[in-house]
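Open the structure in your viewer and keep the selection tool ready. The tour goes from one stop to the next.

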Amino acid sequence: MKLALITFLSAVTLACAADVPITQDELVRRTQELYDAIVPGNQAPWQKYFADDCIFADEKGRLLDKPKLADITPMPAGYSGAIKIEKPQSRIIGSTAILSYDADETETIFGQNLKARYHVTDTWLQRNGEWKIIASQAHRYYEDPAVGKADPKKFTDYIGAYELAPGQTRSVIAEDDRLFVERNGKKEQLLPETSEVFFRKGVEGRILFRYASTGKVDALIDRRNNEDVIWRKTK
């Protein structure tokens with residue numbers, strides 16, 4: 001009888017340990033605790049809330065395991081910042097919980113203020129009555145670069161038609177000290193970073209104009225992720 005009672009109580013204990021509910025508010029609280037620990041270099045929450053066999057894919061596409069992920073150190077002197085969770089959404093089904101949210105980062109480097117926005121999705125898994133992150137993936141929201149100043153006198157070098165392949169053309173035109181690229185009836189302004197490097201609003205990548213040895217522009221370069229698509233100038 002005593003043995004049966006012990007067996008029953010053990011089974012109840014295991015069943016309870018295997019069924020510990022969690023809420024979105026608690027997931028957000030724990031996640032915010034993780035981010036609050038970054039500036040002081042507090043490793044405890046990272047050790048506590050990430051599973052030993054977790055996979056973390058950061059915004060640069062690097063895969064990190066728990067030893068690398070939890071190896072945080074205090075920010076150096078002159079640096080400060082914070083990351084705040086915004087717009088959380090969750091799906092909690094049984095022993096799995098997914099939390100998806102924006103992470104708004106502010107950083108101050110010797111008095112200069114920087115901002116960045118990320119979107120992160122964490123997958124929490126309940127094991128032995130404990131909820132821990134088994135997988136996490138982050139990506140950074142694209143932000144346009146700061147608009148610089150261009151020399152409108154150089155625009156005459158850029159104006160003309162450019163060809164990628166037969167039948168695939170685009171034109172560069174200037175209007176009132178502004179530069180535009182036009183293709184298939186769609187016109188987009190080229191915003192300057194410098195006099196020879198431009199970007200389009202909301203479009204990742206850069207537009208560059210290449211000068212030949214003759215001193216004249218011979219190509220428009222559409223650069224994306226350090227890879228170039230070259231449009232040769234035809235007129």
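**Stop 1: the sheet**

Start with the six strands, which form an open sheet in the order E2-E1-E6-E5-E4-E3, with mixed pairing. Strands here are DSSP runs of E with at least two residues, helices are runs of H or I with at least four, and both are numbered from the N terminus. Two strands pair if DSSP finds at least two bridges between them. The edge strands are E2 (63–64) and E3 (79–93), and each pairs on one side only.

This is a predicted model: local features need pLDDT of at least 70, side-chain atom pairs count only at pLDDT 80 or more, and totals for chains, interfaces and linings use all residues. Residues are numbered from 1 along each chain as its sequence is written, and side-chain values use heavy atoms, leaving out hydrogens and water.

Now select E1 (residues 50–57) and E6 (residues 130–140). These strands run parallel, joined by four bridges. Find Phe 56: Ser 136 in E6 stands opposite.

**Stop 2: Asn 113**

Select Asn 113, in strand E5. Is Asn 113 buried or exposed? Asn 113 is exposed, at a relative accessible area of 61%. (Buried means under 20% relative accessible area, exposed over 50%, partly exposed in between, with a 1.4 Å probe and protein chains only.) Leaving aside neighbours within four places in sequence, Asn 113 is in contact with Glu 107 and Thr 108; contact means heavy atoms within 4.5 Å. Next, show side chains: a polar contact of 2.9 Å joins those of Asn 113 and Thr 108. (A polar contact is a pair of N or O atoms within 3.5 Å; within protein, one must be able to donate a hydrogen and the other to accept it, and residues adjacent in sequence count only if both atoms are side-chain atoms.)

**Stop 3: the rings**

Rings of Phe, Tyr and Trp (its six-membered ring) pair if their centres lie within 6.5 Å; planes under 30 degrees apart count as stacked, over 60 as edge-to-face and the rest as tilted. By this rule there are eleven aromatic pairs. Select Tyr 79 and Phe 110: the ring centres are 5.8 Å apart and the planes are at 80°, so the pair is edge-to-face. Tyr 79 is in strand E3 and Phe 110 in the loop between E4 and E5, 31 residues apart. Tyr 79 is partly exposed, at 32%, whereas Phe 110 is exposed, at 60%.

Move to Phe 155 and Tyr 158, a tilted pair with 6.3 Å centre to centre and 40° between the planes. Phe 155 is buried at 6%, and Tyr 158 is buried at 0%.
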